[in-house]
Amino acid sequence: MSFTKSVLVAVALVATTPAVAQDDPFQSYLAGVRTRAVAQGVAGATVDREFAGLTLNPRVVELDRGQPGNVLSTSFSPFAPYRVQHVDAARIGRGRSVYQAQRPRLTAIEAQTGVPESIMVAIWGHETNYGAYTGNFDLVRSLASLAFDGRRRSLFEGELIAALTMIDRGTPRSQLKGSWAGATGNPQFLPSIYLRVARDGDGDGRADIWSSQPDTLASIANYFTDAGWRRGQPWGMAVSVPAGFDRAAIRNTLVSPRCPRVFQRHSGWRSMAEWRALGLVPQGGAWPADSVQATLMEPDGEGATAYLLTGNYRVILDYNCSNFYALSVGLLADAIAG
C-alpha cells in the first residue's frame, strides 16, 4: 500500500468513530458501561445496538438535580390538600370500574398473595391514573444520562444495565418509555424491579406491564408480597384522638436510616389493644386484632383525623417513601372497595 493510501485509510478510520469516545466523556462512560453490562450477561451486540447514536439528555439531569434533599425538619405540610387532589371522585370512579372489570382475576391474585384487590388497583390508580399517563422518556437515554451525571451513579447505572437486560431478553426498546427517572409501565417499575417481580397474569407467557391489566395487577401484588405484606392485616385506619392525649408518652425517639423525614412523623409502636386503652376511637369499622402493632400519625395536626398505621403501611412506603403517597393509596383502596 502506498504512503498516500495509508494516510487516507488512517483519516477514514479516525472519522468513523472509535476515536469519538476518546473526545466525548459521555461516550467514554458508555464504553465502560458496555464492559460492565457484558460482564453481567448482556450480549455485546445488544449493548452496541442500543448505545449506537445515544446522546446525553440534559433535561433529565436538570430534573434530577432539582429534586429536594432528604433533610430532617420540624415543619410539615398538611395532608388534606394532597388528599383532595389524589383521592378524588374521578380516580375513585375509575378505580371501581377497573375493580369490577378485573374482579375474577383480582380475587384469584388476592387468594394467592394475600394482597387486597383494592390495594393493587389503588397503586395503579395512583401511579399512572390507571394507565392514562405512563411517561414518554426513552429509558435507555434517560438512565444513561443520569448515570453519567454521577449524582446517583450507582443507582442509575444499575438500572441502565437492568434495562439493557430487559431488551436482551426480548422487551422492545420502543416499549421502554416512562418517567424521566426510569420508571415504566402501568405500575411504574424501575427496570431492576421489573426483572425481580413482574409477573404474567393472563397466561400468555409474558409479563406485560404496559398493556395488560392482569399482568399489571399480578406484578403489583408480587411486589407487595416481595416487600413483606402480611395477609389479613389492614394498612391502617382513621381514628380520633382524645382531648388531652399525652403525645410525649408515645413519641418515637429513633431516627430511621431510611427516609428519616417520613418516619419522623410516626409515633412509637403500640398494639391495637394499647391504643384502644389510650382512648383512641376508630372513625369507621372495627378494631383489628389486639395483637396487631401500629404507629400513630396526625398528618393534619392535633384535632384532625389521625391514623394508626400497621406494618403493611410500611410496605406501601417501600413502593414510594412518602407519607402522603402511602396514605392516599390506602384511602383510595378503601374508597374503591367501599
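**Figure 1. Salt bridge between Arg 152 and Asp 64 in the predicted model.** The side chains of Arg 152 and Asp 64 meet in a salt bridge with an N to O distance of 2.4 Å; the term denotes a side-chain nitrogen of Lys or Arg within 4 Å of a carboxyl oxygen of Asp or Glu. Arg 152 sits in the loop between helix H10 (139-149) and H11, and Asp 64 in helix H5 (residues 58-65), so the pair links parts of the chain 88 residues apart. Helices (H or I, at least four residues) and strands (E, at least two) are DSSP runs, numbered from the N terminus. Arg 152 is partly exposed at a relative accessible area of 31%, whereas Asp 64 is buried at 1%. Buried stands for under 20% relative accessible area, exposed for over 50% and partly exposed for values in between, with a 1.4 Å probe and protein chains only. The model is predicted: local features need pLDDT of at least 70, side-chain atom pairs count only at pLDDT 80 or more, and totals for chains, interfaces and linings use all residues. Residues are numbered from 1 along each chain as its sequence is written, and side-chain values use heavy atoms, with hydrogens and water left out.

**Figure 2. Salt bridge between Arg 196 and Asp 226.** The closest N and O atoms of this pair are 2.9 Å apart.

**Figure 3. Salt bridge between Arg 247 and Glu 298.** Here the closest N and O atoms lie 2.7 Å apart. Arg 247 is in the loop between E3 and H14, Glu 298 in the loop between E6 and E7, and the two are 51 residues apart. Glu 298 is buried, with a relative accessible area of 18%. Elsewhere, salt bridges that share partners join Arg 49, Glu 50, Asp 138 and Arg 173 into one network. The whole structure has 17 salt bridges.

**Figure 4. Strand E7 and its two partners.** Two strands count as paired if DSSP finds at least two bridges between them. Leu 309 is the bridge partner of Gly 236, and Leu 308 that of Leu 296. Ala 306 and Leu 308 point one way from E7, Tyr 307 and Leu 309 the other way, and all are buried. In a regular strand the side chains alternate between the two faces of the sheet.

**Figure 5. The largest pocket.** Its volume is about 1700 Å³. A pocket is an open set of points on a 1 Å grid over the protein atoms alone where a 1.4 Å probe fits, with protein on both sides within 12 Å along at least five of seven lines; lining residues have an atom within 4 Å of a point. Grid points are joined across faces, edges and corners, and the volume is the space filled by probe spheres set on them. Of the 43 lining residues, Gln 67, Arg 152, Tyr 319, Asn 320 and Cys 321 are the closest to the centre. Among the elements that give two or more residues to this lining are helix H16 (311-319) and helix H17 (323-337).
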